[in-house]
Amino acid sequence: MTDATPDAAPKTEADWIAEAVALSATALDRPGTEPFGALVVRDGEVVGRGLNHSRANMDPTSHGETEAIRDACRNLGRLDLSDCALYSSCEPCPLCVAAAGIAGIERIGFALGLGEANAVLSAIPPSIRPTKNAAKLRAMAGRPAGEGPGGFQSPVTGALDILERWAAERAKG
């Protein structure tokens with residue numbers, strides 16, 4: 001299914017971002033969602049759509065971008081989205097940037113910056129929407145887990161063997 005008629009001009013990146021914003025507006029009337037929408041686009045076609053369902057799913061990783069990435073992977077039947085772009089209604093948080101990177105997405109466009117969004121969201125009581133420090137999350141995301149707050153390693157006998165056995169099976173092809 002394509003998102004353009006044969007005679008229509010190809011959509012621009014601004015068009016895709018506007019479509020992500022329109023998707024975010026659908027959250028206004030949907031309990032358990034927040035107005036953060038995202039699209040994964042490949043060759044002029046939307047292959048993944050996502051809306052923030054963190055509350056509905058009781059999953060703090062269920063952001064619009066991660067949902068769009070999950071949807072695209074399911075729809076394409078693969079984990080590699082390196083030939084895709086991600087468009088969002090708001091600047092993706094560090095979690096979503098990392099998820100895009102893991103999926104191979106290198107092009108990310110958005111409408112609102114985190115500063116703009118945080119200025120608006122700061123009026124919401126923390127009991128309804130806990131505040132996250134984006135700068136702190138960005139700093140943590142670039143460090144090894146053992147160097148972050150509360151991170152530690154506790155070697156367990158057999159853990160390496162399990163991973164080696166799994167990798168050896170996949171290396172056979």
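This report describes the fold of a predicted protein model, from its overall layout to selected residues.

## Overall architecture

The protein chain contains 7 helices and 4 strands. Read from the N terminus, these elements follow the order α-β-β-α-α-β-α-β-α-α-α. The C-alpha trace extends over about 60 × 45 × 25 Å along its principal axes.

Of the 173 residues in the protein chain, 34% are buried. Among contacts with a separation of 6 or more, 48% are made by residues 24 or more positions apart.

## The sheet

The 4 strands form an open sheet in the order β2-β1-β3-β4, and the pairing is mixed. Its edges are β2 (45-52) and β4 (107-112), each of which pairs on one side only. On average, neighbouring strands of this sheet are turned by 15° against each other, direction ignored. Strands of a sheet pair through backbone hydrogen bonds, in either a parallel or an antiparallel arrangement.

Both senses of pairing occur here. Strands β1 and β2 run antiparallel and are joined by 7 bridges; within this pair, R42 stands opposite E45 in β2. Strand β3 (residues 85-90) pairs with β4 in the parallel sense over 5 bridges, and C90 has L112 in β4 as its bridge partner.

## Helices packed on the sheet

Two helices that pack on the sheet are described here. Helix α3 (residues 64-76) touches β1 (34-42), β2 and β3, and its direction makes about 140° with that of β2. Helix α5 (residues 114-121) also packs on the sheet, where it touches β1, β3 and β4; the direction of α5 makes about 40° with that of β4.

## The contact of α3 with α4

The axes of α3 and helix α4 (residues 94-103) come within 8 Å and cross at roughly 20°. The two helices are therefore roughly parallel, a term that applies to angles under 35 degrees. Their crossing is left-handed.

On the α3 side, the contact involves E65, T66 and I69, which meet L95, C96, A99, A100 and A103 in α4. By class, this contact comprises 6 nonpolar, 1 polar and 1 charged residues. Several of the α4 residues are also buried: P94, C96, A99, A100 and A103 are in this state. Helix α4 is followed by G104, which has a positive phi near 95°.

## Strand β2 and N52

How is β2 placed relative to the rest of the structure? Strand β2 is largely enclosed by the rest of the structure, because 6 of its 8 residues are buried.

N52 is found in strand β2. Its relative accessible area is 4%, so N52 falls below the 20% limit and is buried. Not counting residues up to four places away in sequence, N52 touches G32, T33, E34, F36, S62, H63 and G64.

## V41 in strand β1

V41 lies in strand β1. With 6% relative accessibility, V41 counts as buried. Beyond residues up to four places away in sequence, V41 touches W16, V46, V47, D83, C84, A85 and Y87.

V41 can also be placed relative to C73, which is 32 residues away along the chain; the C-alpha atoms of the two are separated by 12 Å.

## Positive phi in two loops

Which backbone value marks D43, although it is not a glycine? D43 has a positive phi of about 50°. The residue is located in the loop between β1 and β2, in a hairpin with 2 residues between the strands. D43 counts as exposed because its relative accessibility is 71%, over the 50% limit.

M58 likewise has a positive phi of about 50° without being a glycine. The place of M58 is in the loop between α2 (54-57) and α3. The relative accessible area of M58 is 66%, so this residue is exposed.

Technical notes: Residues are numbered from 1 along each chain as its sequence is written. This is a predicted model: local features need pLDDT of at least 70, side-chain atom pairs count only at pLDDT 80 or more; totals for chains, interfaces and linings use all residues. Side-chain values use heavy atoms; hydrogens and water are left out. Two strands pair if DSSP finds at least two bridges between them. Axes are lines fitted to C-alpha atoms, for helices over the stretch in contact, and angles run from 0 to 180 degrees between N-to-C directions. Contact means heavy atoms within 4.5 Å. Angles under 35 degrees count as roughly parallel, over 145 as roughly antiparallel, 65 to 115 as roughly perpendicular and the rest as oblique. A crossing is left-handed if the near helix is turned anticlockwise from the far one by less than a right angle, and right-handed if clockwise. Ala, Val, Leu, Ile, Met, Phe, Trp, Tyr, Cys and Pro count as nonpolar, Asp, Glu, Lys and Arg as charged, and the others, Gly among them, as polar. Buried means under 20% relative accessible area, exposed over 50%, partly exposed in between (1.4 Å probe, protein chains only).
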